[in-house]
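Notebook open, structure on screen. I'm jotting down what I look up as I go.

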Amino acid sequence: MAKITNTGQLRELLCDVINRIDDNTIEPHKVKAIVKLAGQINDNLYAEVKVVRTQLQTGATREKFGALKLGDW
């Protein structure tokens, strides 16, 4: 499988999983794991959007999207 580096590729993977479910070519436990990880990625993107929105509204300096610093501020 190719490395997923953007949200479009993530959506493509999820659509492939849906097709594999319909074709019965993927194991249910793998589907659950993929869905769970995709949800975590989505939650992370949403959190970053909220941070960037706040930074824009307050005039704070912001990093490039996807480069939000983690850990100690």
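This is a predicted model: local features need pLDDT of at least 70, side-chain atom pairs count only at pLDDT 80 or more; totals for chains, interfaces and linings use all residues.

**Entry 1: a loop residue.** I started with Asn24, which sits in the loop between H1 and H2. Is Asn24 buried or exposed? Asn24 is exposed, because its relative accessible area is 70% and the cut-off for exposed is over 50%.

**Entry 2: helix H1.** I checked its length: 16 residues at 1.5 Å a residue should span 22 Å, and the end C-alpha atoms are 23 Å apart, so the two agree.

Then I looked at which residues of H1 are hidden. Leu10, Leu13 and Val17 are buried. They cover an arc of only 60° around the axis, so they lie on the same side of H1. What do the buried residues of H1 pack against? They pack against H2. On the other side of H1, I found Arg11, Glu12, Ile18 and Asp22 exposed.

**Entry 3: the largest pocket.** Last, I looked for open space. The largest pocket holds about 320 Å³. I got 15 lining residues, and Ile41, Asn44, Leu45, Glu48 and Gly66 lie nearest the centre. Which helix gives the largest share of the lining? That's H2, with 5 residues. H1 (7-22) and H2 (28-58) each supply at least two lining residues. Sorted by class, I have 9 nonpolar, 5 polar and 1 charged in the lining.

Conventions:
Residues are numbered from 1 along each chain as its sequence is written. Side-chain values use heavy atoms; hydrogens and water are left out. On a 1 Å grid over the protein atoms alone, a cavity is a set of points where a 1.4 Å probe fits but cannot get out, and a pocket is an open set with protein on both sides within 12 Å along at least five of seven lines; lining residues have an atom within 4 Å of a point. Grid points are joined across faces, edges and corners, and a volume is the space filled by probe spheres set on the points. Helices (H or I, at least four residues) and strands (E, at least two) are DSSP runs, numbered from the N terminus. Ala, Val, Leu, Ile, Met, Phe, Trp, Tyr, Cys and Pro count as nonpolar, Asp, Glu, Lys and Arg as charged, and the others, Gly among them, as polar. Buried means under 20% relative accessible area, exposed over 50%, partly exposed in between (1.4 Å probe, protein chains only). The expected span of a helix is 1.5 Å times one less than its number of residues. The arc is that of the directions from the helix axis to the C-beta atoms. Contact means heavy atoms within 4.5 Å.
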